[in-house]
Amino acid sequence: MAESICRSLRDGSIEGEHSPALTIKDSLQSHAGNHAFNYFLCSLAANVCAGKSQARGLVLVAFSQSPSFYLSFLKRKGMDASLLAKCLRILDCYSDPLGWKEKIRQSSGADKPAFTESGYVCRDVKDITKLLSSILELGKGFTEGRAYFAVAIDSVSTMIKHASLPSIAGFISNLRSHVQVSSMLWLLHADLHEPRSTAVFEYMSSIVASVEPMVEITDGQKGSDNLFWLGRGLQKGRFHVRFKRRNGRVKLFNEEFHIEYTGITFSTPSSENIVVSQTLLPKLQFNLQLSEKERADRSRVLLPFEHQGNGEPIQIYDGRRSLTQSNTDPNGLQQHALSIEMEAQRMQSEGEIHYIRDSDDEQPDSDEDPDDDLDI
Amino acid sequence: MNHSPNLLDEALGLTGRGFGGGALSPGRVVLVEDCVETSGAFVLHHLVKRALSPDRGGTVIFIALSHPFSHYDRILRKLGCNLSMHREHNRFHFVDMLKVEFPNEIQKNAVEHGLVDLYSKILKAVEVSSSGDYSRAHISIVIDDLSILEIVAHGSVDHVLDFLHYCITLTSEQDCSLVILNHEDIYPEMEAPRLLSHLIYLADFVIKAEPLVTGIAADVHGQLTVLKKGTFNDSQYTDKASNFHFQVKENGVELFFPGTRC
C-alpha cells in the first residue's frame, strides 16, 4: 500500500478539504523511519518535478539531516539537478537551528567571512510563527500565482524538543488548512515522546504509517539493559498503514519492508510470516477459523426470507426438519427448510418481505464512497 | 608500539581500507555507555590513542569534564602515546571544563551562553586543526563525559541535546567524528528512556560496557557490546552486534570472544 500513499500525496487536496497528511512513525525497535521518509519524499519530489502532482513545488524542512544530504540522496535516485533546483526548496533547520554559529561569528568580529547563505537557513526554530511564515514564503515563491505546494518535515520529534506541543499542533493545522498546501508528510519517533504527543500527530494526519519490527520485543527485554535488538535484523520489518477517509471510514493495511542498497522496498507479507503468526496463536479448545468444508457448507445455507430462485416454492425454515429431508441428507450439517403449504397463504397475506443481502451489494474494500449518492 | 587491530577496531570498522587519516570514518557518532560496575573509559583511551597514532595522523579535541590533563597524560603514556607532545603540536586540543560553572540562571539563557562558549572553543580548535600542518587530518571530538555536562548545564537535557546537535553538524560539514561517554545508570527511571533514546537515535555506533553476567572475575573485567546501526557499505546493508569480554591492563586492553581464553 506504499503505492496508494504515494498516490494520495501526489493527488493532493480536494477543494474545501484539509490536505492529506502522512505521519511516518518509528521507534528504536525498528528505526527504519528515516528510510521510509526518504522513500516517500523521493516519490513526491519525482511527481512534483515531472509535473504529475497537484503540487508545483515541494518545501522540505530539514531538522535532522543537512540539506546537502537530501540533495545528494535525490540526485542518487536519478533526479535532475536543474529540475530539483526549480521544484524543491529546503528550509535548513539543521545547520544553525538556534543561531549559535551566528552569535559566535558576531562576537568574534565582523572580519570573519559570513557562513555561506543559501537564503533558506532558519536560525531560530523555537519561533514557530516565524517558521510557519518562512515555509509559506518559500512555498509561494515557486511560481507566480496561487499554485499548490507540498510540505515535508524531516522530523517533528525535533520540533517538539524546541517548542510546545500546542504551538506545533497549531502550526501543522495552519499548514494543512492553507489553501495552497497540497499535501504534507512528516517523520515522528514514537519513543522520544509521551504517547499523547504521538496521538496528537496521529489525529492530525489522514494516513499513519508505522514502521515496526517483525517480532515485537516484550517489555522485559526492552530498555537499555539489552540493546541487542538494535543490531538485529533491521533489514526488514512490518509496515502498518492506517488510512482515514473523509467519510470517517478507516482502512488498515499491512506490508513488509526490506532495506536494500537502493533504499527501502515494500512488498505484500510473505507466507512464511503468516505461518509464524499462526503458530503464535494461543492453543484453544475451540477452533477460531473455518475449515474449507465448513466454508462450503456455510455458503449453501438457505437463509430465511431469501428466494432461492430455482423455481421451487419458497421454503422458510422454522426450526423443524421434515422426515423426508432428514433421510436424504444424513450428515445433518445443512440446514433443512420445511416446505410449507403456507406459501400460497403467504402470497395472499398483506405483507411481503423482500430481503436483499448486504454482502452481495458491495465488494469488500471497495473504493466507492457509500455516501456519494447522498444529496444533502 | 603495537598497532595490530583488535576486536574493538574490527567491530568499529577501523581496520577496513580507506581509513587513512581518521580514527573513525567521517561522519561517525560513537556513543559509549558504561555503568558503575564497569567503566567504559578505556574505550575512550583506546580511541584517542588510535586517532593520534602515526599511521592515522588525526587530531583530537578532548572535552574534559571529569579528569584533569595529567590523568589522561599518565594513562596514555602507559599506552604508548605522548599527549604532552601532541598537545604542543596542536594535535591534541584539551578543553578543560573542570572548573567551569555556568551561572545559575541569573542571566536569562545562562546555560545556553555557557554551551555556546564551549562550542566556540571547539570551533576554534577545529579551525586550528584544519589550517595547521595536519590540515587534512580527521578530527575526533571526544566528550568525557556527557552526564557531567548535564550537571554543568543545571540538569537541562534539552540544552545538552542542542549542544550535541551542533557537534554533529560538524561531522557532516567538516571531517569530524564524535565520541561521547555517558553513564546509563544514573538517571531516574522516568527520565532515562528519553535522553538515552535520543542518544541512541543520534549514534551510528553504540558501545556498551557491562559487568559479566556471572559477577566479578579476577582476569575478565567485563563485557563489551558493540552495535553498529545499519549502513550501506560497498552496496551491502550491514547492521551488526558484537559481544566480547575484555581485560584492562596497564598498557592496553585485551579483548577476546567469550570462552576463547583458557
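How many salt bridges does the rule find across the interface of chain B and chain A? The rule, a side-chain nitrogen of Lys or Arg within 4 Å of a carboxyl oxygen of Asp or Glu, finds three. This is a predicted model, in which local features need pLDDT of at least 70, side-chain atom pairs count only at pLDDT 80 or more, and totals for chains, interfaces and linings use all residues. Residues are numbered from 1 along each chain as its sequence is written, chains are lettered from A in the order in which they are written, and side-chain values use heavy atoms, without hydrogens and water.

**Interface of chain B and chain A**
- The contact (heavy atoms within 4.5 Å) involves 36 residues of chain A and 39 residues of chain B.
- About 3,400 Å² is buried between the two chains, 66% of it on carbon and sulfur atoms; this is accessible area (1.4 Å probe) lost on putting the two parts together, summed over both.
- In one salt bridge, the side chain of A:Lys103 meets that of B:Glu112 at 3.5 Å, N to O.

**Chain A**
- Chain A contains nine strands and 14 helices, taken as DSSP runs (helices H or I, at least four residues; strands E, at least two) numbered from the N terminus.
- Of the 376 residues in chain A, 42% are buried, that is, under 20% relative accessible area (1.4 Å probe, protein chains only).
- Of the contacts in chain A between residues at least 6 apart in sequence, 72% join residues at least 24 apart.

Technical notes: Buried means under 20% relative accessible area, exposed over 50%, partly exposed in between (1.4 Å probe, protein chains only).
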